[in-house]
Amino acid sequence: MTMPMTHPVAQTSPKKFWQCAKCGACCHIREQNKLSAEEEKSYKDYMKKHFGIFYLASLSEVTINVWPEEAERLRDEAKRRGMDVRIRPKRALVTPNHDLIVMDYFIDHDICPFFDKEKRQCTVYALRPLICRAYPLTSAKTYGKCKYKSTNLSDYGSEMDHAQELDLRIAKEKAIITDLMLRGSIIRDFDESKLRSQLANMQLKELRIKL
Ligand code: SF4
Ligand code: SF4
């Protein structure tokens with residue numbers, strides 16, 4: 001989320017949009033998680049118990065959220081450019097047949113491999129994930145850690161549109177999960193310790209959300 005994140009301000013418009021300072025901090029995507037092992041376990045147990053959501057990575061590894069269709073686009077682009085980009089599953093649901101339904105992925109690098117460190121800009125601007133488009137908003141009402149953010153929500157233009165789309169996706173995701181649980185299509189009593197070791201051999205499906 002760097003250089004091209006600026007928003008042109010129409011001369012005739014009185015609206016002053018927030019402008020990205022292009023510091024590049026949000027493309028340095030791995031933030032060390034401060035959770036202790038007990039806290040991480042407690043959080044994951046809660047997500048499993050209440051939503052049937054299993055984490056396929058430790059929370060300290062997880063970076064920006066990439067929805068399945070975004071992961072596909074970024075993988076294709078990386079392949080086209082001959083880049084080595086690791087995009088790993090982040091959260092999944094488990095069916096009674098022990099198939100995994102991957103909900104989302106994350107870019108498994110400390111600094112996003114699509115970030116041009118010299119020019120300090122995103123090299124996949126048109127393909128960048130929704131979470132990058134919304135930043136520094138993390139929802140229509142919440143902010144990330146950007147040092148240059150405005151805390152006045154009315155200062156945001158396209159970031160707010162994308163933050164609202166994020167909120168819609170998350171609401172729809174919750175509704176889908178609730179429905180799957182009610183139908184008995186996903187289970188919660190699965191040995192989580194097997195997930196990472198068996199991942200390569202499991203039947204992977206994806207949850208793709210249409211708005
Ligand atoms: S996809 Fe682009 S905007 Fe998003 S973290 Fe990577 S370089 Fe930054
Ligand atoms: S951290 Fe904030 S100012 Fe820096 S590039 Fe990201 S959005 Fe722009």
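**Entry 1: helix α1**

I started with α1, where the number of buried residues among its 15 is zero, so this helix lies largely in the open. For burial I used this rule: 20 or more other C-beta atoms within 10 Å of a residue's own makes it buried, 12 or fewer makes it exposed, and anything in between is partly exposed, with C-beta atoms placed from the backbone. I took helices (H or I, at least four residues) and strands (E, at least two) as DSSP runs, numbered from the N terminus.

Next I checked the length of α1, residues 37-51. Its end C-alpha atoms are 21 Å apart, which agrees with the 21 Å that 15 residues should span at 1.5 Å a residue. The expected span is 1.5 Å times one less than the number of residues in the helix. Just after α1, I noted G52 with a positive phi of about 70°.

**Entry 2: ground rules**

I am working on a predicted model, where local features need pLDDT of at least 70 and side-chain atom pairs count only at pLDDT 80 or more, while totals for chains, interfaces and linings use all residues. Residues are numbered from 1 along each chain as its sequence is written, and chains are lettered from A and ligands numbered from 1 in the order in which they are written.

**Entry 3: the whole chain**

I counted five helices and seven strands in the protein. Read from the N terminus, the order is α-β-β-α-β-β-β-β-α-α-α-β. The C-alpha trace spans about 60 × 35 × 35 Å along its principal axes.

Buried residues come to 27% of the 211. I also looked at contacts (C-beta atoms, placed from the backbone, within 7 Å). Of those between residues at least 6 apart in sequence, 70% join residues at least 24 apart.

**Entry 4: ligand 1**

Who sits around ligand 1? I found twelve residues surrounding it, the closest being C27, C112, F115, C122 and C132. To be near, a residue needs its C-beta atom, placed from the backbone, within 6 Å. The shell divides into eleven nonpolar residues, no polar ones and one charged. Here Ala, Val, Leu, Ile, Met, Phe, Trp, Tyr, Cys and Pro count as nonpolar, Asp, Glu, Lys and Arg as charged, and the others, Gly among them, as polar.

**Entry 5: the core**

I then went to the largest nonpolar core, which has 37 residues; I64, V66, A92 and L93 touch the most other members. Elements supplying at least two residues each include β1 (54-55), α2 (68-81), β3 (87-94), β4 (100-107), α3 (130-134) and α4 (158-182). β4 gives the most, with seven residues. Such a core is a set of buried Ala, Val, Leu, Ile, Met, Phe, Trp, Tyr and Cys residues joined through C-beta atoms within 7 Å.

I picked out I64: leaving aside residues up to four places away in sequence, I64 touches I29, F106, I107, P129, I131 and C132.

**Entry 6: helix α4**

The end C-alpha atoms of α4 are 36 Å apart, in agreement with the 36 Å its 25 residues should span at 1.5 Å a residue. In α4 I found E159, H162, A163 and I177 buried. The cover over the buried residues of α4 includes α1, β3 and α3. Just after α4, G184 has a positive phi of about 75°.

I111 is in the loop between β4 and β5 (115-116). It counts as partly exposed because it has 14 C-beta neighbours inside 10 Å. Beyond its neighbours within four places in sequence, I111 contacts C27, H28 and I29.

Between α3 and α4 I looked at S154 in the loop. With 11 C-beta neighbours inside 10 Å, S154 counts as exposed. P136 is in the loop between α3 and α4 too, and the peptide bond from Y135 to P136 is cis, with omega near 15°.

I also logged H98, a residue other than glycine with a positive phi, near 65°. H98 is in the loop between β3 and β4 and is partly exposed, with 13 other C-beta atoms within 10 Å. R120 is not a glycine either, yet has a positive phi of about 55°. R120 lies in the loop between β5 and β6 (121-122) and is partly exposed, with 13 other C-beta atoms within 10 Å.

How values were computed
Contact = placed C-beta atoms within 7 Å.
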